[in-house]
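Let's take a friendly walk through a protein model together.

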Amino acid sequence: MHSDTNTEAREDVHSFPSCDDTNWQVPEFDVLDLGSKQHKFVLVIPVLNEGQRIQGQLRNLAALNHPIDIIIADGGSTDGSLEADFLREVGVRARLTKTGPGKLSAQLRMAYAWALRQGYEGIVTVDGNGKDGMEAIPLFLEKMSNGYDYVQGSRYHTDGAHENTPLERTMANRMIHAPILSLASGTKLTDTTNGYRAYSARFLMNPAVQPFRNVFDAYELLFYLSVRAGQLGLRVTEVPVSRSYPRSGKTPTKIAGFSGKLKILKQTLAAALGSFSPKD
């Protein structure tokens, strides 16, 4: 397996015409435009009823003032946490609200399609539940500026950190999920369940990727993109991030029960076995 893939002998994977977006499958959504494009990279935050967690995260981002635009990919929140006045106050550029069908991957397809059509050169994604350290964003921007196509945030990186991570999460990630996707991609990855990551526009618009398909509904898109970048010989790396779970109370997650975990395993295996790779 390889990491920090050398592209000198693989220039052909970066040389392709711009994709025709007329065939992109994207759920219907509404746009609340709150500002103009200011930066070449954009931060996409998928959210669904995260309440005070997303509000605290956005206030933190506003204080850090990273050179990146921020858009909210809302799955249809009803908790009042994403009102326009608040979003303007914390510097959010736009709120996209999915009105069509689908879960997390549908939210991401919505946001990625909008961002690419806006001309962004790269996209950082982070969950909106307040578990991730926003201080790491400049690391993603640096790697994308240096030509990397897929940058995975890893709490298990030498300089990464995590606290209160449920033991079963650590075991499932390190012993099952990451090894399976690393083997399938040919690239060593250590934290493949982590939604804190970045993609270049070049990667997402590569005709051999085609992420804008309805088959990506739940977590499939995250796992597929983790595998596909390495398979295509694109530049892949990891950066250290921090992730903190609450010491007590309910774990902030949308994955619940045995059935939810089984679905994750099935989606992981499907991505590893090439079920989502374009057939044409």
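**Starting from a tyrosine**

Leaving aside neighbours within four places in sequence, tyrosine 199 is in contact with Tyr112, Gly122, Ile123, Met144, Asp149, Tyr150, Leu204, Leu222 and Leu225; contact here means heavy atoms within 4.5 Å. Before going on, note that this is a predicted model, in which local features need pLDDT of at least 70 and side-chain atom pairs count only at pLDDT 80 or more, while totals for chains, interfaces and linings use all residues. Residues are numbered from 1 along each chain as its sequence is written, and side-chain values use heavy atoms, with hydrogens and water left out.

Some of the rings here belong together: ring pairs link Tyr112, Tyr150, Tyr199 and Phe203 into a cluster. Rings of Phe, Tyr and Trp (its six-membered ring) pair if their centres lie within 6.5 Å; planes under 30 degrees apart count as stacked, over 60 as edge-to-face and the rest as tilted.

Now step back to the largest nonpolar core, which has 43 residues; those with the most contacts inside it are Val44, Ile71, Tyr112, Tyr199, Phe203 and Leu225. Such a core is a set of buried Ala, Val, Leu, Ile, Met, Phe, Trp, Tyr and Cys residues joined through side-chain atoms within 4.5 Å. Buried means under 20% relative accessible area, exposed over 50%, and partly exposed in between (1.4 Å probe, protein chains only). The elements giving two or more residues to this core include strand S2 (41–47), helix H3 (104–117) and helix H7 (220–231). Helices (H or I, at least four residues) and strands (E, at least two) are DSSP runs, numbered from the N terminus. H3 gives the most to this core, with nine residues.

Helix H7 deserves a look of its own. Of its 12 residues, 11 are buried, among them Leu222, Tyr224 and Leu225. After H7 comes glycine 233, whose phi is positive, near 75°. Arginine 213 lies over the face of tyrosine 224, at 5.6 Å from the ring centre; a charge sits over a ring if NZ of Lys or CZ of Arg is within 6 Å of the ring centre and within 35 degrees of the ring normal.

Finally, the structure holds nine aromatic pairs. One of them joins phenylalanine 216 and phenylalanine 276, tilted, at 5.5 Å centre to centre with 55° between the planes. Phenylalanine 216 lies in the loop between H6 and H7 and phenylalanine 276 in the segment after H8, so the pair ties together parts that are 60 residues apart in sequence.
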